[in-house]
Amino acid sequence: MSVLGRIHSVETLGTVDGPGIRFIVFTQGCPLRCLYCHNADCRSAHDGKEVTVDYLINQIQKCKSYLRKGGVTVSGGEPLMQPDFVKEIFARCHQLGLHTALDTSGYCSLEIAKPVLEMADLVLLDIKSYIPELYYKVTNVSIEPTLAMAKYLSEIGKPTWIRFVLVPHLTDNIENVEKLADFVATLTNVERLDVLPFHKMGEYKWEQLGLPYELKDTPSASPELLQQTVNIFRDRGINVIGGSSEAMGAISLREERSRKLERADL
Ligand code: SF4
């Protein structure tokens with residue numbers, strides 16, 4: 001019997017969550033409570049829609065011809081809340097010859113995550129800050145599982161992209177960025193690091209859910225702040241994507257799409 005999982009939505013022409021054109025599965029449910037969450041409607045584990053892996057693979061097969069140079073990314077929410085489901089999606093994608101990527105916060109026990117990581121060709125690991133107290137303030141959870149996963153991915157040589165959201169007056173302090181950069185520089189598997197400038201395009205979802213949006217008065221990251229942050233990573237020899245209008249455009253594109261991807265699309 002096909003494994004069941006709970007998803008928020010899918011996107012058939014993703015361009016920012018891994019290489020090439022990708023089919024993106026946004027899983028439902030997340031244990032984090034990021035202050036800047038752009039997908040607040042993905043967080044409750046009880047919402048979304050239950051689907052089988054067979055159903056998703058059927059959808060993916062319809063797009064297969066243009067996924068050849070891209071692949072399939074499972075994002076969220078937090079995909080590692082549903083490890084068996086994600087592992088099965090990846091296994092079936094491999095049978096179709098498709099590249100697989102896992103977009104995760106890393107907040108999961110390593111023992112649970114390992115079988116899924118094994119099946120992912122690429123991991124997009126979001127490290128939302130480095131100073132533990134700040135990480136907790138941003139996410140409401142501990143940073144330890146994420147750092148443990150980052151070290152493990154380096155040990156096994158898993159291709160990894162790190163993502164860091166730059167939020168003025170929250171994650172942008174120099175000590176936080178420098179410590180994160182020092183840590184990332186110790187990893188041997190990181191192909192690139194994306195600095196994603198904070199924006200408020202997901203604010204309307206908080207309003208729809210009746211949740212208070214604490215970052216209402218936080219400004220967008222300025223080009224100068226973005227460049228200064230990018231330089232801290234580049235100074236340590238890290239391949240950084242960010243600070244360009246291309247990166248900003250890609251993020252806007254994804255958010256625009258996510259507005260359209262409501263459950264009716266399933
Ligand atoms: S990990 Fe992602 S989905 Fe979960 S709360 Fe943070 S931003 Fe939202």
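Student: Which residues surround the ligand?

Tutor: First, the ground rules. This is a predicted model, in which local features need pLDDT of at least 70 and side-chain atom pairs count only at pLDDT 80 or more, while totals for chains, interfaces and linings use all residues. Residues are numbered from 1 along each chain as its sequence is written.

Now the site. The ligand is surrounded by Cys30, Leu32, Arg33, Cys34, Cys37, Asn39, Cys42, Arg43, Gly76, Gly77, Glu78 and Ser105. A residue joins this shell if its C-beta atom, placed from the backbone, lies within 6 Å of the molecule. By class, the shell holds five nonpolar, four polar and three charged residues. Here Ala, Val, Leu, Ile, Met, Phe, Trp, Tyr, Cys and Pro count as nonpolar; Asp, Glu, Lys and Arg are charged; the others, Gly among them, are polar.

Next, the fold. The chain has 10 helices and nine strands. These are DSSP runs numbered from the N terminus: helices are H or I with at least four residues, strands E with at least two. The nine strands make an open sheet of mixed pairing, ordered β3-β1-β2-β4-β5-β6-β7-β8-β9. Two strands pair if DSSP finds at least two bridges between them. β3 (49-52) and β9 (240-241) are the edge strands; each has a single partner, so one side of each lacks a neighbour in the sheet.

Within the sheet, β5 (residues 99-104) runs parallel to β6 (residues 122-126), with four bridges between them. Asp103 has Leu124 of β6 as its bridge partner. Helix α3 (residues 83-95) packs on the sheet and touches β1 (4-14), β2 (22-27), β4 (71-75) and β5. Touching means contact: C-beta atoms, placed from the backbone, within 7 Å. The direction of α3 makes about 160 degrees with that of β5. Axes are lines fitted to C-alpha atoms, for helices over the stretch in contact; angles run from 0 to 180 degrees between N-to-C directions.

One more cysteine deserves a look. Cys63 sits in the loop between α1 (53-62) and α2 (64-67). Leaving out residues up to four places away in sequence, Cys63 touches Thr12 and Phe23. From Cys63 to Phe26 the C-alpha distance is 17 Å, across 37 residues of sequence.

Last, the whole chain. Its C-alpha atoms fill a box of roughly 50 × 45 × 35 Å along the principal axes. Of the contacts with a separation of 6 or more, 76% join residues 24 or more positions apart.

Conventions
Contact = placed C-beta atoms within 7 Å.
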